[in-house]
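This report describes one protein chain, from its overall make-up to a few local features. The sequence and model come first.

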Amino acid sequence: MAKKKKRRTTKKWYSTKKRQPTEWLVVLLGVLFVLGVGLVLYIQYTGAQTQERLANEAKQEELAKVKKKKEFINQLAPYAQELQQKYHVLSSITLAQAILESDWGKSLLAADYHNYFGIKGDDPDNTKEMTTKEYLNGQWVTTTARFRVYRDYRESMLDHVLLFAHGTSWDHNHYQHVVAATNYTQAAQALKQDGYATDPNYPEKLIELVKTYRLDQFD
């Protein structure tokens, strides 16, 4: 009589015990926790990457602005020095006024008509009517005036210096204190004294520009 073979059984590595609902909830919460932590870490990483990228873009943009400002100064400086030798108007003041009046050559008057100093005129053939702000009776007001149109920045700079050197049609010595100034601080104050600009803070703005960009090195 044949012997019956014993059935070979293998031990299962997983439990066949039916999980209770609370156990499944614990597992689900664990999975959600892991996913949540991963999501937070991912957001932090991408946020840091974005901040770094924005910081780099801002840095590059600032460097580009600095470069353009240097180019603007270097373009005007040689002719400003040439004019100083001939007409005794400090290069630092010429450059500071060009920066302030034209917003680094970006104003409409400078960009389209090469007028870097806001010089006005009366002849319709060589002027352009535009709006401007002036400080009158203790407040800023918007008014309309005619401004000179030039062929290039050198023509504008020459006209600006000649105004100081030769004065106005009614007073040839009108800007004598500007021409006589031996440093940029004196010249800036002289512009206010001789009535060049209506802005009460005009001298301080020029002095700050000279200091910030070391414009006195061209005097």
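## Surface and basis of the model

The accessible surface of the protein chain comes to about 15,800 Å², with 53% of that area belonging to carbon and sulfur atoms. Accessible areas come from the Shrake-Rupley method with a 1.4 Å probe, and for residues only the protein chains shown count as cover. Of the 219 residues of the chain, 30% count as buried (buried is under 20% relative accessible area, exposed over 50%, partly exposed in between; 1.4 Å probe, protein chains only).

The model is predicted: local features need pLDDT of at least 70, side-chain atom pairs count only at pLDDT 80 or more, and totals for chains, interfaces and linings use all residues. Residues are numbered from 1 along each chain as its sequence is written, and side-chain values use heavy atoms, leaving out hydrogens and water.

## Fold

The protein chain has seven helices and two strands, in the order α-α-α-β-β-α-α-α-α along the sequence. These are DSSP runs numbered from the N terminus: helices are H or I with at least four residues, strands E with at least two. Among contacts (heavy atoms within 4.5 Å) between residues at least 6 apart in sequence, 54% join residues at least 24 apart.

Helix α2 covers residues 91–102, which is 12 residues, and reaches 16 Å from its first C-alpha to its last, close to the expected 16 Å (1.5 Å times one less than the number of residues). Of its 12 residues, 10 are buried, among them I93, L95 and I99.

D103 follows α2 and has a positive phi, near 55 degrees. W104, in the loop between α2 and α3, also has a positive phi, about 60 degrees, although it is not a glycine. W104 is buried, with a relative accessible area of 15%.

## Largest pocket

The largest pocket has a volume of about 1,100 Å³. A pocket here is an open set of points on a 1 Å grid over the protein atoms alone, where a 1.4 Å probe fits, with protein on both sides within 12 Å along at least five of seven lines; lining residues have an atom within 4 Å of a point. Grid points are joined across faces, edges and corners, and the volume is the space filled by probe spheres set on them.

The lining has 36 residues, of which E101, F117, G118, K120 and F147 lie nearest the centre. Elements giving two or more residues include α2, α3 (108–113) and β2 (139–148), while β1 gives the most, with five.
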